[in-house]
Amino acid sequence: MKKVLLTISLVALTVMTAVAQDVTGKWKTVDDETGEEKSIVEIYKENGKVYGKVVEILNPAKRNATCDQCPGSDKGKPILGIVIIKGLEKDGDEYNGGTIMDPNNGKVYKCYIELDGPNKLDVRGYIGFSLLGRTQTWTRVK
């Protein structure tokens, strides 16, 4: 009986740990060059892919900013509410195969994201292959 309870406890703990290690949720973005906290991005799953939408802008002076240089239908839209991460798919421990857009300049980059512990997310945007790019570390908002 003790072995059964121990086994059930270990399975439950493993499942809870796996759920806690998910990229979905709200993340605080930090500029990798200035260290300035910029926004809160909500990462969510839709149709088996991962997306990220700006749900809060932390600098009061930029809360009404629009994405004037964004491509396509995002051009001229408010940055607040815009989807900046699109179409990532799970590949082992990371999510890749999608894009990330910098709403400050409208540039779109290939992207991959990977958890660095339960409360840190490494977000890499790059051109061509992943060595030509930059990484930001976002922190989970509780």
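Asn 47 counts as exposed, because its relative accessibility is 75% (exposed means over 50% relative accessible area, buried under 20%, and partly exposed in between, with a 1.4 Å probe and protein chains only). This residue sits in the loop between β2 (37–46) and β3, and its phi is near 55°, a positive value in a residue other than glycine. The model is a predicted one, in which local features need pLDDT of at least 70 and side-chain atom pairs count only at pLDDT 80 or more, while totals for chains, interfaces and linings use all residues. Residues are numbered from 1 along each chain as its sequence is written, and side-chain values use heavy atoms, with hydrogens and water left out.

Read from the N terminus, the elements follow the order α-β-β-β-β-β-β-β-β. The eight strands close into a barrel, in the order β1-β2-β3-β4-β5-β6-β7-β8, with antiparallel pairing; two strands pair if DSSP finds at least two bridges between them. From one strand to the next, the twist averages 30° (axes are lines fitted to C-alpha atoms, for helices over the stretch in contact, and angles run from 0 to 180 degrees between N-to-C directions). Strands of a sheet pair through backbone hydrogen bonds, either parallel or antiparallel. Val 50 has Leu 88 in β4 as its bridge partner.

What lies inside? Of the 142 residues of the chain, 30% count as buried. The largest nonpolar core has 23 residues, and those with the most contacts inside it are Val 23, Ile 43, Ile 82, Ile 84, Ile 113, Leu 121 and Trp 138. At least two residues of this core come from each of β2, β3, β4, β5 (94–102), β6 (107–115) and β7 (120–126). Such a core is a set of buried Ala, Val, Leu, Ile, Met, Phe, Trp, Tyr and Cys residues joined through side-chain atoms within 4.5 Å.

Strand β2 also holds Ser 39, which counts as buried because its relative accessibility is 10%. Leaving aside neighbours within four places in sequence, Ser 39 is in contact (heavy atoms within 4.5 Å) with residues including Trp 27, Lys 28, Val 54 and Leu 58. Glu 36, in the loop between β1 (25–30) and β2, is partly exposed because its relative accessibility is 35%. Its C-alpha atom is separated by 9.5 Å from that of Asn 59, 23 residues apart along the chain.

The structure holds seven salt bridges, each a side-chain nitrogen of Lys or Arg within 4 Å of a carboxyl oxygen of Asp or Glu. Lys 28 forms one with Glu 37, with the closest N and O atoms 3.7 Å apart. Lys 38 and Asp 31 meet in another, at 3.9 Å from N to O; Asp 31 counts as buried because its relative accessibility is 13%. A salt bridge also joins the side chains of Glu 33 and Arg 134 (3.7 Å, N to O). This pair links distant parts of the chain, 101 residues apart: Glu 33 lies in the loop between β1 and β2, and Arg 134 in strand β8 (residues 133–140). Finally, salt bridges that share partners join Asp 74, Lys 77 and Lys 86 into one network.

Notes. Helix = DSSP H or I, 4+ residues; strand = E, 2+ residues; numbered from the N terminus.
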